[in-house]
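Biologist: Could we go through this structure together? I would like to begin with a single residue and then move to the chains.

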Amino acid sequence: MKSLRRFFARLSTFATRRAQDERLREEIGEHIALQTAENLRAGMSPVEARRQAMLKFGGVEAMKEDYRTARGLLFVENWLQDVRFALRSLRRTPGLTAFVVITLALGIGMTSGTFSMVDALIFRPYPVPHPSGVITLASTTRESSFDEFSYREYLDIHDKTKSYDGVIANGDMEAVGFSAEPGATPRIKGGMMVSANYFQVLGVAPRLGRGFREDEDQVPGRDAVVVLGPDFWKQEFASDPSAVGRIIRLNGTQFTVIGVAPETFPGMEIFGHPDLYMPLAMARAFSTNPQKNFFEDRDDRELNVRARLKRGTPLQQAQNELSTLATNFQGEYPKFNRGRGAAVYTQFETRIREDESWKFGVTFVVLALAVLLVACTNVAGLLLSRARARSHEIAVRVTLGAGRVRLIRLLLTESLILASMGGLGGIVIGYGVVEWFHTFQFMTDLPWAVPFRMDTRVLLASVALSVFSALLFGLAPALQSTRADLVNALKAADVDVPGRKHLWGRNMLVVAQVSMSLMLLTASFLMAHSFQRSLLERTGFAKDHLLMVSFDPRLLQYNPAQTQQFYKLLAERVRVAPGVQSEALTQNVPFGGDFDDMAFVPDEFQMPRDRENFNSTMDSVDEGYFKTMRIPILRGRDFLASDAAEAPRVAIVNERFAKHYWPAGDAVGKHIHLDNRAGTLVEIVGVAQTIKYEGTIEKPMDFVYMPLAQHPIARMVLMVQSSGDPLQLVQPVKDIVRSLDPNLPMLQTRSYGDFYVNQAVKGPRMGINLVATLGAVGLLLAVAGLYGLVAFNVSRRIREIGIRIALGAQSSDVLRLVIGRGLLLVGIGTVIGLAMGFTLEQLMNSVLFNSGGVDIVAYIIVVPSMFLVTTLAAYVPARRACRIAPTQALRYE
Amino acid sequence: MASKQKTDVLQGTLALMVLKTLDVLGTLHGYGIARRIEQISGDILSVNQGTLYPVLLKLEQEGAIASEWGASENNRRARFYKLTRQGRKQLQVETQDWQQTAAIIGRFFEANAEDLS
């Protein structure tokens, strides 16, 4: 206690140390005055009296020193001195300082900017109290470790588990037609169905009104209540508190607003921030799969299930409990749950499974860290050469009695100041990078946002990086320069004995730089190249002259028959409209990334013993689809108008599907059962070419097309092929839709070409730009580093070179002398960089591109250009060395 | 090391002397304290009166004494020190400790080889 109190006293006196000095001075003066008076009374002469008083008081300076030690925080005072000194000496070399700061800022900024990505995708905790207690429950199969649960399964988990303080469920965010007034045309908003206990279990208290009551989520369709998301409330209701209690229309059903979620809770998802929350019991108003009964079908798996772990319950216990339950499901419902397990995941485990973009983030961070490393080696090199130039000064300090620790601290203080300035710049650059990320737009009507931002964690990481890099680039020069040989250093002349060991460190730095930036360049080139290649690869469908418009007649409460009637009329009228070449209806467009899965059993196929059925991705299309999208039918026939609802069920599969299940024979004429062995029989009437369905970089996948008439879907996309600019067709299509139903909104109206470019090109291109920037910055830094090294060597050996030239050396000899070492280093660096590049390529292939092989072209282009640039960096200062006039060089110093 | 220990002991005893002095004489300035200690202890402070001031500062930081400006006998500004309540407590405790230690050390010095056998 006492020492703590003393510490605070010291802290406060530290702030007022000038006044304290004054006080001591005054006290000493008074003390001596009193003693002098005393001595005078004792009969001394005034001079003698004062002298005796001073003697008795003792050494004033030594005492003052003691006093100061006792008084304040000596180390802080010393450190402040160091800081002042360091700032002064940095100001003396503004160019060098600026270079170092910019270099570091680039490295730190790139790293923190890219880290913001990984942070948002993996590390940022859920926006709820005690986020670490929230775990995710997932259904697992052989193919997927992260599947969803059905409503029935959720209820069982909810009722039969004991490890949790509550189990909650939510559907995916879906497009919901919202209108505030009865007559208004609905607009699309993002709605999410949640269990009644959702907010309460998460610990989110509504900002206004209330959350759901248990009884509001029990009877299907009875309680039409809705909780608004904070952003939605702000936009649609101008943050009006009276919104609570109002009636709004969602998909045509009247809902009562009962509450508003708080600003602190934008939702549990990384990207999507729901506008509206509805109870699960209202699922019929938002039904996604009309073929399934949400409340009854155990295989209608649409729910994400989360739970709050009871305090003190180990995760393993929850896992065991859930596994037991899953085993019971297998026994009770073999039809739906054969081979199906369940797993509990922490937030981290959930995040790395639910969205794979973090892999790109991690790749970027690793590359950015490599840039930072190059920057650090560069700075270390510069500081080393500076330290050499200062060796005289340091030697003087050592001779005058400065301790080595104190000197190292002084030099480290300099690095720390450089690093903090670099860190500040880095944070600015990081903000820039994040801003740039935000220029990416999601092509959707739903409230999706780029979640990357510079929050406290990212800022802390930047600061930690700065300090770490300060140590990294500051320690080596500090250690080396304080070990200087005093006698030599004091002899003033900067003579260098060739082959000195300490150059080893600098050479290492250059090698590290060259190899690191080679690796960066290779990586960026590889990414760009393999992406370019996959863009050139045929995607297999048309993109130009296509207009896309989405419809969802459920928004106006159409029943299935009305819906299909609407689509039938729409297609008929659009087909004959002027300027229209052809039209198609499809459940999803390629690269729209929302294809449904279907389960099936190929007829007369020997199923593996442990499998109930297979899965494939599918699309529901009308008879104009293959023509409009220009997807060739390789064998068999296209869909026809005669493939109507009551006609025999037919399907078209892609080539991969056909080869997959009928490797020997022709798939046309074969049959599959839907769902399971006893399911509806569907004849395969055609085989279509395999195209890219979900992304530029994708492995060929199985795909099944069903005719819309036989597999009716409510939400469809109309594709219209025009002869000219597709957007000119917007108005004619609008007129046709209005003639059918003036209230029906047209969603996602845009040129498919634009949509495709955004989906397929923009995102990856941002990544490539990022990596290319990293590579360019890395190369720039390496070039600067090499230039610095050679220039430094030249200046150090200027006298030697002068003598050589005076003795008759040719400029080519000098060039060889100076540049030889640099080239050797570049060579070694290139070899190491190549090895790292190969390793990285293997890694990127396995993680990102799913392809093997070595991209020779990348190396053929990158390595020579790298070599050229670095050689040039060495050549320029070497050239200067050749021009040294001997007379001048010998006069140097 | 040895010399440092010696100053530690000196500082410790000096602090105790300061506390006792202020306890007996009430409010006093630095010179007065120095004089008083000198009178009683003889030569411990006769050479280095200045060493008193770091001790005063330390005591003040620990809260054992408080100080304020006042006028000295020759009417100049001087810093006056006085014991705080906490200082009084500290003095009691330390006096006891010191007496105990002194008694033990004393017994050791008095003891002969025969007594220990």
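Biologist: Is A:His130 buried or exposed, or partly exposed?

Modeller: Please keep in mind that this is a predicted model. A:His130 has 13 other C-beta atoms within 10 Å. A residue needs 20 or more to be buried and 12 or fewer to be exposed, so A:His130 is partly exposed.

Biologist: Where does A:His130 lie?

Modeller: A:His130 is in the loop of chain A between α6 (94–123) and β1 (134–140). The phi of A:His130 is positive, about 45 degrees, although the residue is not a glycine.

Biologist: What is the phi of A:Asp675?

Modeller: A:Asp675 has a phi near 70 degrees, which is a positive value in a residue other than glycine. The loop that holds A:Asp675 runs between β19 (671–674) and β20 (681–688) of chain A. A:Asp675 has 16 C-beta neighbours inside 10 Å and therefore counts as partly exposed.

Biologist: And which loop holds A:Ala647?

Modeller: A:Ala647 is in the loop between β17 (633–636) and β18 (650–654) of chain A. A:Ala647 is partly exposed, because 13 other C-beta atoms lie within 10 Å. The C-alpha atom of A:Ala647 is separated by 8.2 Å from that of A:Gln710, although the two residues are 63 residues apart along the chain.

Biologist: Let us step back. How many helices and strands does chain A have?

Modeller: Chain A has 27 helices and 23 strands. Of its 893 residues, 41% are buried. Among the contacts in chain A with a separation of 6 or more, 82% are between residues 24 or more positions apart.

Biologist: How many does chain B have?

Modeller: Chain B has five helices and three strands. From the N terminus on, their order is α-β-α-α-β-β-α-α. Buried residues make up 31% of the 117 residues of chain B. For contacts in chain B with a separation of 6 or more, residues 24 or more positions apart account for 48%.

Biologist: Now the helix packing. How is a pair of packed helices described, and at what angle do α19 and α22 of chain A pack?

Modeller: Two packed helices are described by the angle between their axes and the distance between those axes. In chain A, α19 (residues 560–575) and α22 (residues 730–740) pack at about 140 degrees, with their axes 10 Å apart. That angle makes α19(A) oblique to α22(A). Their crossing is right-handed.

Biologist: Which residues make that contact?

Modeller: From α19(A) there are A:Phe566, A:Leu569, A:Leu570, A:Arg573 and A:Val574. From α22(A) there are A:Val733, A:Ile736 and A:Leu740. By class, the contact of α19(A) with α22(A) has seven nonpolar residues, no polar residues and one charged residue.

Biologist: At what angle do α2(B) and α3(B) cross?

Modeller: The axes of α2(B) and α3(B) cross at roughly 115 degrees and come within 11 Å. That makes α2(B) roughly perpendicular to α3(B). The crossing is right-handed. On α2(B), the contact is made by B:Gly30, B:Ile33 and B:Ala34, and on α3(B) by B:Leu52, B:Tyr53 and B:Leu56. Five of these residues are nonpolar, one is polar and none is charged.

Biologist: How many residues of each chain take part in the contact between chain A and chain B?

Modeller: The contact takes 25 residues from chain A and 21 residues from chain B. On the side of chain B that touches chain A, α2 (30–41), α3 (52–62) and β3 (77–83) of chain B each give two or more residues. The largest share of that side, six residues, comes from α3(B). By class, the side of chain B that touches chain A has six nonpolar, 10 polar and five charged residues.

Biologist: One last topic: what does the model score?

Modeller: The model scores ipTM 0.80 and pTM 0.69. Chain B averages a pLDDT of 79, and 79% of the residues score at least 70. Where pLDDT is low, the predicted coordinates should not be read in detail.

Conventions
Residues numbered from 1 in each chain as written. Chains lettered and ligands numbered in written order. Predicted model: local features only at pLDDT ≥ 70, side-chain atom pairs only at ≥ 80, totals over all residues. Helix = DSSP H or I, 4+ residues; strand = E, 2+ residues; numbered from the N terminus. Contact = placed C-beta atoms within 7 Å. Nonpolar A, V, L, I, M, F, W, Y, C, P; charged D, E, K, R; others polar. pLDDT = per-residue confidence, 0-100. Axes fitted to C-alpha atoms, helices over the stretch in contact; angles between N-to-C directions. Parallel < 35°, antiparallel > 145°, perpendicular 65-115°, else oblique. Left-handed = near helix turned anticlockwise from the far one by under 90°.
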